[in-house]
Amino acid sequence: MSETGFVENAAASLARVRQQRPRVHCLMNTVVQKFVADGLAALGAIPSMTSSTEEVEAFARRADVLVVNLGTLDEGRRAAIRLATAVARDTHKPWIIDPVHCDYSPSRLAFARELSAFGPSVVRGNASEMDIIGDANGVLKIKTGAVDELTLDRHTTRIENGHPFMAQVTGTGCLSGALIAAFMVVQPDRLKAATGALLTSGIAAEIAAERSSGPGTFEAAFRDALASLRPEDIIANARISYAEG
């Protein structure tokens with residue numbers, strides 16, 4: 001597919017997310033739960049956040065897609081993650097792992113590798129996290145940063161949209177994983193879905209930065225930009241490259 005094809009697909013997928021309103025269950029870093037829930041709602045998706053082992057399986061079954069984020073990890077959350085990912089696998093729902101800080105501790109890295117061996121649709125992290133977690137066959141690997149790089153088999157897209165304010169607001173990376181999940185519900189091709197979600201996030205950030213005086217005002221403006229972003233904004237502003245080989 002050409003760069004133009006990816007951009008047009010992203011614009012169409014944004015419209016479908018708003019129309020279909022996918023349910024996204026997030027086992028999310030407790031520091032950023034509200035930010036992620038608000039971002040998903042602004043996009044048009046329906047978030048849920050419970051990590052209770054008594055009910056997480058029921059929520060995972062009701063959801064269309066699952067997001068697993070290792071940001072704040074304890075034994076109870078590990079148990080909930082194992083329960084929810086088992087539901088996702090058994091019901092053939094897409095799911096994504098964000099191995100937050102897996103490069104910080106051996107136990108967290110071991111758990112991240114355990115999950116990546118279970119067959120997630122996507123693994124998304126920053127450069128240090130993705131470099132250490134290792135390869136998983138058939139999984140879309142996404143390395144986010146100043147330029148986002150998405151690799152599936154021999155196919156790679158690179159996205160240059162975004163703004164430095166994103167690095168000064170805790171949770172923008174976590175939210176990008178949740179947005180990718182929402183896009184996977186309406187677009188079964190994982191590379192196309194993730195490319196569309198990251199274009200959406202990056203372009204919304206650029207629009208928000210123009211209306212902001214710093215990271216504090218950027219946070220609110222970013223949510224507003226996600227809510228008001230139009231498919232034509234993606235077509236007009238996308239900066240993307242695609243390679244195969």
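## Helix α2 and its surroundings

The buried residues of helix α2 pack against α1, β1, β2, α7 (172-186), α8 (190-210) and α9 (215-228). In this predicted model, α2 spans residues 33-43, and its buried positions are F35, V36, A37, G39, L40, A42 and L43. Directly after the helix, G44 adopts a positive phi of about 120°.

One of the helices that α2 packs against, α8, contains A193. A193 counts as buried because its relative accessibility is 0%. Neighbours within four places in sequence set aside, A193 is in contact with F183, M184 and Q187.

## The nine-stranded sheet

The strands form an open sheet of nine members with mixed pairing, in the order β2-β1-β3-β4-β5-β6-β7-β8-β9. The edges are taken by β2 (46-48) and β9 (240-244); each has a single partner strand, so one side of each lacks a neighbour in the sheet. On average, and with direction ignored, neighbouring strands of this sheet are turned by 15° against each other.

Strands of a sheet pair through backbone hydrogen bonds, in either a parallel or an antiparallel arrangement. The pairings described below include examples of both kinds, among them the parallel pair β5 and β6 and the antiparallel pair β6 and β7.

Strand β3 covers residues 65-69; five of its five residues are buried, so the strand is largely enclosed by the rest of the structure. In a regular strand the side chains alternate between the two faces of the sheet. In β3, V65, V67 and N69 point one way, L66 and V68 point the other way, and all are buried.

On one side, β3 runs parallel to strand β1 (residues 23-27), and four bridges join the two. Within this pairing, L66 of β3 is the bridge partner of H25. With strand β4 (residues 95-98), β3 also pairs in the parallel sense, again over four bridges. Here V68 has I97 of β4 as its bridge partner.

## Helix α4: crossover and packing

Together, β3, α4 and β4 make a right-handed β-α-β unit. Helix α4 packs on the sheet, where it touches β1, β3 and β4, and its direction makes about 150° with that of β3.

A further neighbour of α4 is helix α5. The axes of α4 (residues 75-90) and α5 (residues 106-116) come within 12 Å and cross at roughly 10°. An angle under 35 degrees counts as roughly parallel, and α4 is therefore roughly parallel to α5. From α4, the contact involves R78, I81, R82 and T85; from α5, it involves S107, R108, F111, E114 and L115. By class, the residues of this contact comprise three nonpolar, two polar and four charged.

Strand β5 (residues 122-125) runs parallel to strand β6 (residues 140-143), and four bridges join them. In this pairing, R124 stands opposite I142 of β6.

The pairing of β6 with strand β7 (residues 148-152) is antiparallel and extends over three bridges. K141 has T151 of β7 as its bridge partner, and a hairpin of four residues connects β6 to β7. β7 then pairs in the antiparallel sense with strand β8 (residues 155-159) over five bridges. In β8, H155 stands opposite L152.

Because its relative accessibility is 45%, R21 counts as partly exposed.

With a relative accessible area of 71%, H92 is exposed.

Conventions:
Residues numbered from 1 in each chain as written. Predicted model: local features only at pLDDT ≥ 70, side-chain atom pairs only at ≥ 80, totals over all residues. Heavy atoms only, no water. Axes fitted to C-alpha atoms, helices over the stretch in contact; angles between N-to-C directions. Parallel < 35°, antiparallel > 145°, perpendicular 65-115°, else oblique. Contact = heavy atoms within 4.5 Å. Nonpolar A, V, L, I, M, F, W, Y, C, P; charged D, E, K, R; others polar. Buried < 20%, exposed > 50% of the residue type's maximum accessible area, 1.4 Å probe, protein only. Pairing = 2+ DSSP bridges. Right-handed = clockwise from strand over helix to strand, strands pointing away.
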